[in-house]
Amino acid sequence: MFHLKSLASSIRVIGQRSLENGFHTSAACSSVFMKRQKKIDPEIAKVREIRKRKKLEREIREMQKHSKKVKPVDEIALDIKSAKNIHERTRKQVTLTEQQADERTLIAKEYCRSRNTQMRHDDQWIRQALYMQKKALAELKTLSPHLYEEAVKNDLGNLPHIIDGPALTSPVKNYDPPDGDYVDTTRTWT
Amino acid sequence: MLSALARGRVGLAATRRLATLREKAGQKDPLERYEPKFEDPREYPEFPVLNVRLQGYDFVPLEKYQSFVDKIARRFNFPIVESYAVAAQTCRALTYKPQSTIVADEIELAVYDRVVRIGPVPAPKLQLFTQMIRAHCPVGVTITIKEATREDEQYRYIPDLMLKEKQEELKSLDNPIVRKNLGWE
């Protein structure tokens with residue numbers, strides 16, 4: 001009971017204060033769309049409606065011209081702060097001995113060769129796989145048209161297909177993780 | 001000779017010897033007499049547009065891998081609509097001291113985001129493509145293959161609140177209550 005009384009008195013105090021300060025706590029209800037207008041002549045109403053629509057459409061069109069702004073991609077954008085003092089962080093050019101230079105060239109060449117071989121193998125695999133698939137599907141079509149239809153259809157049921165890449169290390173056995181949290185700090189535009 | 005003419009695939013040299021224009025034109029399929037036949041080049045059912053979304057904590061290998069996915073898609077003869085970067089999702093990872101909520105350590109993490117949009121993609125070929133890019137997936141990268149939607153497209157851009165307001169206002173003019181309040185009905 002006491003609580004209620006105190007609550008009521010506090011509310012009264014707040015109410016008085018707001019009145020003193022000239023604040024109104026009622027909801028805003030003075031939009032064009034909220035206030036009921038007098039009924040006007042249908043001819044005039046029609047003209048006004050067309051005018052209003054045209055105006056809004058034009059405004060939307062104008063805004064759409066300039067509105068499509070891509071969210072900034074920070075890792076691609078130039079960091080102006082560090083770009084200004086870039087000369088402070090330039091390193092001395094390293095001169096390699098002839099032996100080192102040779103070694104590095106050889107490694108680079110070997111790497112290049114290995115990538116080249118891999119790409120050639122991949123390419124071959126792609127061509128072969130496509131060829132084999134085509135052949136197999138043609139064969140299936142003659143054997144069972146129903147199964148062919150099933151094999152070939154674009155099934156959206158499988159689709160959000162998520163593949164997780166390999167981890168750098170294998171899982172640690174009996175790992176006791178510390179207490180922690182993730183706080184989302186993604187920039188929002190609202 | 002006539003069958004070749006009927007197929008309409010003979011060069012100028014072959015038709016030169018023929019006497020009349022009618023012969024030169026060759027026999028035509030009655031169905032193709034007034035309108036050309038439009039053959040559907042699609043071999044299998046297709047996915048119209050697909051997004052291959054790549055996410056990872058390290059954007060240097062991620063970017064390299066994006067170019068690789070692009071390259072492989074070209075090898076499969078999938079047309080590439082677009083290949084772009086999306087703003088990263090950032091989060092702060094905290095660790096607490098034992099039995100408390102005092103922060104022991106914290107680090108800023110960003111999940112970088114790259115998208116290769118391909119399409120149209122023949123359905124059976126997608127499996128081979130997936131197999132290929134999965135085999136080359138670098139460490140710590142997550143691949144998501146899904147149909148491109150409007151939300152994905154909108155996610156790239158900063159939402160324009162003023163524009164949305166105007167569009168809402170235009171839409172509200174169809175609302176009978178609003179119309180009544182304006183005195184139009």
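Me: What should I know before reading the values?
Reply: This is a predicted model, where local features need pLDDT of at least 70, side-chain atom pairs count only at pLDDT 80 or more, and totals for chains, interfaces and linings use all residues. Residues are numbered from 1 along each chain as its sequence is written, chains are lettered from A and ligands numbered from 1 in the order in which they are written, and side-chain values use heavy atoms, with hydrogens and water left out.

Me: What makes up the secondary structure of chain B?
Reply: Chain B has eight helices and six strands. Helices (H or I, at least four residues) and strands (E, at least two) are DSSP runs, numbered from the N terminus. Along the sequence the pattern reads α-α-α-β-β-α-β-β-β-α-β-α-α-α.

Me: What area do chain B and chain A bury between them?
Reply: About 6500 Å², with 64% of it on carbon and sulfur atoms. In chain B, B:Ile158, B:Asn181 and B:Trp184 lose the most area to chain A, together 10% of what that side buries. Buried area is the accessible area (1.4 Å probe) that two parts lose on being put together, summed over both.

Me: Why is the pair B:Asp174 and A:Arg53 called a salt bridge?
Reply: The term asks for a side-chain nitrogen of Lys or Arg within 4 Å of a carboxyl oxygen of Asp or Glu. For B:Asp174 and A:Arg53 the closest N and O atoms are 2.8 Å apart, so the pair meets the rule.

Me: Why does that pair join two chains?
Reply: B:Asp174 lies in the loop between helix H7 (161-172) and helix H8 (176-182) of chain B, while A:Arg53 is in helix H2 (residues 42-67) of chain A, so the pair joins two chains.

Me: How many salt bridges cross the interface of chain B and chain A?
Reply: The rule finds six there. One pair is B:Glu169 with A:Lys52, whose closest N and O atoms are 3.8 Å apart. Over all chains the count is 20.

Me: Why is B:Arg114 called buried?
Reply: Buried means under 20% relative accessible area, exposed over 50%, partly exposed in between (1.4 Å probe, protein chains only). B:Arg114 has 0%, so the word buried applies.

Me: What is the salt-bridge partner of B:Arg114?
Reply: The partner is A:Glu75, with the closest N and O atoms 3.0 Å apart. The pair crosses from strand E4 of chain B to the loop between H2 and helix H3 (80-84) of chain A. A:Glu75 is buried as well, with a relative accessible area of 15%.

Me: Why is B:Glu147 called partly exposed?
Reply: Its relative accessibility is 26%, which falls between the cut-offs for buried and exposed, so B:Glu147 counts as partly exposed. B:Glu147 lies in strand E6 of chain B. Leaving aside neighbours within four places in sequence, B:Glu147 contacts residues including A:Leu156, A:Leu159 and B:Pro48.

Me: What makes B:Gln55 buried?
Reply: B:Gln55 has a relative accessible area of 15%, so B:Gln55 passes the rule for buried. The residue sits in strand E2 (residues 50-56) of chain B. Among the residues B:Gln55 touches are B:Leu62, B:Gln89 and B:Val111.

Me: How do you know that strand E1 of chain A pairs with strand E6 of chain B?
Reply: Two strands pair if DSSP finds at least two bridges between them. Strand E1 (residues 161-164) of chain A and strand E6 (residues 141-147) of chain B have four bridges, so they pair, in the antiparallel sense. There, A:Ile163 stands opposite B:Ile143.

Me: Which strands does E3 of chain B pair with?
Reply: Five bridges join E3(B) to strand E2 (residues 180-184) of chain A, and the two run antiparallel. A:Gly180 stands opposite B:Thr95 in E3(B). E3(B) also pairs in the antiparallel sense with strand E4 (residues 103-118) of chain B, over 14 bridges.

Definitions and conventions. Contact means heavy atoms within 4.5 Å.
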